[in-house]
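Here are a few friendly notes to read alongside the model. Take them one at a time, and keep the structure open while you go.

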Amino acid sequence: MKSDNCEAVPRTLACEAARNQLLDAVEELVNAQGVGRFTLEAVAKQAGLSKSGLLHYFPSKDSLIEALVARTVAHWQDSLEQAKQLQSEGPHRTAHALLDCCLGDLSQWNERLRRSSTALLAILVHCPGKATPMHVFYQGLHAQMQAESKDLPVSDLVLAVVDGVWVRWVTGLSPMSETQIAQLHGALKRLLPYCG
């Protein structure tokens, strides 16, 4: 028996597209109004759906926020896994992948990323209980780095630098130029023992 409920059956492409359209609308509204001020009605209007259409996919504002965080973290995980596939087995494989994924290809640093990152930071500040997927991601990242090398401070340095560059870029507080980021990427890659 077929159901239209996305949670009850495997997601179809149309269902996934509608969910993403709604989550994109949440990102835009969080950026414009903040986490506490957006409404379900505003999300539905921004996405071009009825409120009942929105409720079909997300029964509450909390479920929208949780899904937005989960989608962002899933994108991070996918990007990191793809970057890891390009690395040889060996020490600091995850740290090398993180550097290449985040600082090696600056074409991904676009307005779409800025919007999703700004929304994510707002959620971290105003709804920290909804950021569990981020905490799990960082714990897993740290565990992978620890398993790959006993020289964890170097891996932690890579993670701290990547996060710092990202926050400076998202907030506009003294963002680094592409040349500076490329130089930083090269310097950190030289610090890490070669993979494989």
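1. Start with the overall plan. The secondary structure of this chain amounts to 9 helices and 0 strands. If you walk along the sequence, the pattern reads α-α-α-α-α-α-α-α-α. Please keep in mind that this is a predicted model.

2. Next, the dimensions and the packing. The C-alpha trace spans about 55 × 45 × 30 Å along its principal axes. The chain has 196 residues, and 41% of them are buried. Among contacts with a separation of 6 or more, 69% are between residues 24 or more positions apart.

3. Now look for the largest pocket, which holds about 560 Å³ of space. Its lining is made of 23 residues, and the closest to the centre are His 75, Trp 76, Gln 108, Leu 113 and Trp 166. Two or more lining residues come from each of α4 (61–85), α5 (93–104), α6 (111–126), α7 (132–148) and α8 (152–171). Which of the elements gives the most to this lining? That is α4, with 6 residues. By type, the lining divides into 13 nonpolar, 6 polar and 4 charged residues.

4. As background, most residues other than glycine have a negative phi. His 92, however, has a positive phi of about 60 degrees, although it is not a glycine. You will find His 92 in the loop between α4 and α5. Is His 92 buried or exposed? With a relative accessible area of 1%, His 92 is buried, because buried means under 20%. Ser 174 also has a positive phi, of about 50 degrees, and is not a glycine. Ser 174 sits in the loop between α8 and α9.

5. Leu 49 is in the loop between α2 (40–47) and α3 (51–57). Its relative accessibility is 31%, so Leu 49 counts as partly exposed. Which residues does Leu 49 touch, not counting those up to four places away in sequence? They are Leu 22 and Ala 44. Leu 22 and Leu 49 are 27 residues apart along the chain, and their C-alpha atoms are separated by 8.5 Å.

6. Finally, turn to Val 125, a residue of helix α6. Where does a relative accessible area of 60% place Val 125? Exposed means over 50%, so Val 125 counts as exposed. Val 125 and Val 35 are 90 residues apart along the chain, yet the distance between their C-alpha atoms is 9.4 Å.

Conventions
Residues numbered from 1 in each chain as written. Predicted model: local features only at pLDDT ≥ 70, side-chain atom pairs only at ≥ 80, totals over all residues. Heavy atoms only, no water. 1 Å grid on protein atoms, 1.4 Å probe; cavity = no way out; pocket = protein on both sides within 12 Å on 5 of 7 lines; lining within 4 Å. Points joined across faces, edges and corners; volume = space filled by probe spheres on them. Helix = DSSP H or I, 4+ residues; strand = E, 2+ residues; numbered from the N terminus. Nonpolar A, V, L, I, M, F, W, Y, C, P; charged D, E, K, R; others polar. Buried < 20%, exposed > 50% of the residue type's maximum accessible area, 1.4 Å probe, protein only. Contact = heavy atoms within 4.5 Å.
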